[in-house]
Amino acid sequence: MIQRIQTVYLLLALAATILCLINPVGIYHFDALGTTDATMYNLFLAQGEAKSFTVWPMFALLLLTCPLTILAIFLFKNRKFQARVCAYNILLCLVWIAVIVIFGYVNKPEGSQFTPFLWASLPGVALIFHVLARKAIIHDEKLVRAADRIR
C-alpha cells in the first residue's frame, strides 16, 4: 500500500488539509480606529474574545475531505473507486477555494481588508496532490489492463 506513489501523494494531501484545518487562514484589518482585527479560522472568526461561526462551511468542506482521503488510501485494491474518491476530493478543494474567496473578499465586513495567511494556500497544495494521485491511479489501472491483455 505505502509503496505506491499515489499513497504518498494522498498522505501529503491529508497532511496539508489537516494543517489548514488547525491554523488561521486570514485576517481582517479594519480601517476604523479602536476596532480590533478579526482572525479567520476555518470554523470561526475571532475578534478579541468574541467568536462568530459564520465561516463554518470552510471547516465542513475540509473536514469532509479528510476521511475521504483516508478512504482513498485504503482503497488501493479498487482503483476505479479510488480515482473517483480523488475526483470528489478535488471538487471539495475547489469549492473550499471558492468559499474562502467569497468570505474573504466578497462577503467581508464593512470597512475591512482581508489578508490571507500562508495556511490558506494548503488546500490548493492538497488539490495538486489529489490530481497527481488520481493521475497515478489511472496510470496503474492502465498498466493492469495492459498486463491482462498480454496473458
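Reader: Which residues does Ala13 touch, not counting residues up to four places away in sequence?

Author: With residues up to four places away in sequence set aside, Ala13 touches Ala126, Phe129 and His130. A contact here means heavy atoms within 4.5 Å. Please keep in mind that this is a predicted model: local features need pLDDT of at least 70 and side-chain atom pairs count only at pLDDT 80 or more, while totals for chains, interfaces and linings use all residues. Numbering runs from 1 along each chain as its sequence is written, and side-chain values use heavy atoms, with hydrogens and water left out.

Reader: Why does Ala13 count as buried?

Author: Buried means under 20% relative accessible area, exposed over 50%, and partly exposed in between (1.4 Å probe, protein chains only). Ala13 has 0% relative accessibility, so it counts as buried. Its place is in helix H1; helices (H or I, at least four residues) and strands (E, at least two) are DSSP runs, numbered from the N terminus. The C-alpha atoms of Ala13 and Leu127 are separated by 7.3 Å, although these residues are 114 apart along the chain.

Reader: What makes Leu21 buried or exposed?

Author: The relative accessible area of Leu21 is 15%, which means that Leu21 is buried. Leu21 also has its place in helix H1. Leaving aside neighbours within four places in sequence, Leu21 is in contact with Asn42, Phe59, Leu62, Leu63 and Cys66.

Reader: And why is Ile97 called partly exposed?

Author: Ile97, found in helix H3, has a relative accessible area of 30%, so it is partly exposed. Ala87, also found in helix H3, is partly exposed at 27%.

Reader: Which residues of H2 are buried?

Author: They are Met58, Leu61, Leu62, Thr65, Cys66, Thr69, Ala72 and Ile73. These residues cover an arc of only 145 degrees around the axis, so they are on the same side of H2. The arc is taken from the directions from the helix axis to the C-beta atoms. The face turned away from the buried side carries the exposed residues Trp56 and Phe74.

Reader: What makes a set of residues a nonpolar core?

Author: The set must consist of buried Ala, Val, Leu, Ile, Met, Phe, Trp, Tyr and Cys residues joined through side-chain atoms within 4.5 Å. The largest such core here has 29 residues, of which Val25, Tyr28, Met40, Met58, Trp96, Ile100 and Phe103 touch the most other members. Helices H1, H2, H3 and H4 and strands E1 and E2 are the elements that give two or more residues to this core. H3 provides the largest share, 7 residues. Apart from this core lies another, of 9 residues, among them Leu10, Ala83, Val85 and Ile137. In soluble globular proteins, nonpolar side chains tend to be buried together.

Reader: Why is the pair of Tyr28 and Phe114 called tilted, rather than stacked or edge-to-face?

Author: Rings of Phe, Tyr and Trp (its six-membered ring) pair if their centres lie within 6.5 Å; planes under 30 degrees apart count as stacked, over 60 as edge-to-face and the rest as tilted. The rings of Tyr28 and Phe114 have their centres 5.2 Å apart and their planes at 55 degrees, so the pair is tilted. This pair links strand E1, which holds Tyr28, with strand E5, which holds Phe114, 86 residues apart. Both residues are buried. The structure holds 5 aromatic pairs, and ring pairs link Tyr28, Tyr105 and Phe114 into a cluster.

Reader: How do you know that the charged end of Lys51 sits over the ring of Phe44?

Author: A charge sits over a ring if NZ of Lys or CZ of Arg is within 6 Å of the ring centre and within 35 degrees of the ring normal. The charged end of Lys51 is 4.6 Å from the centre of the Phe44 ring and counts as sitting over it.
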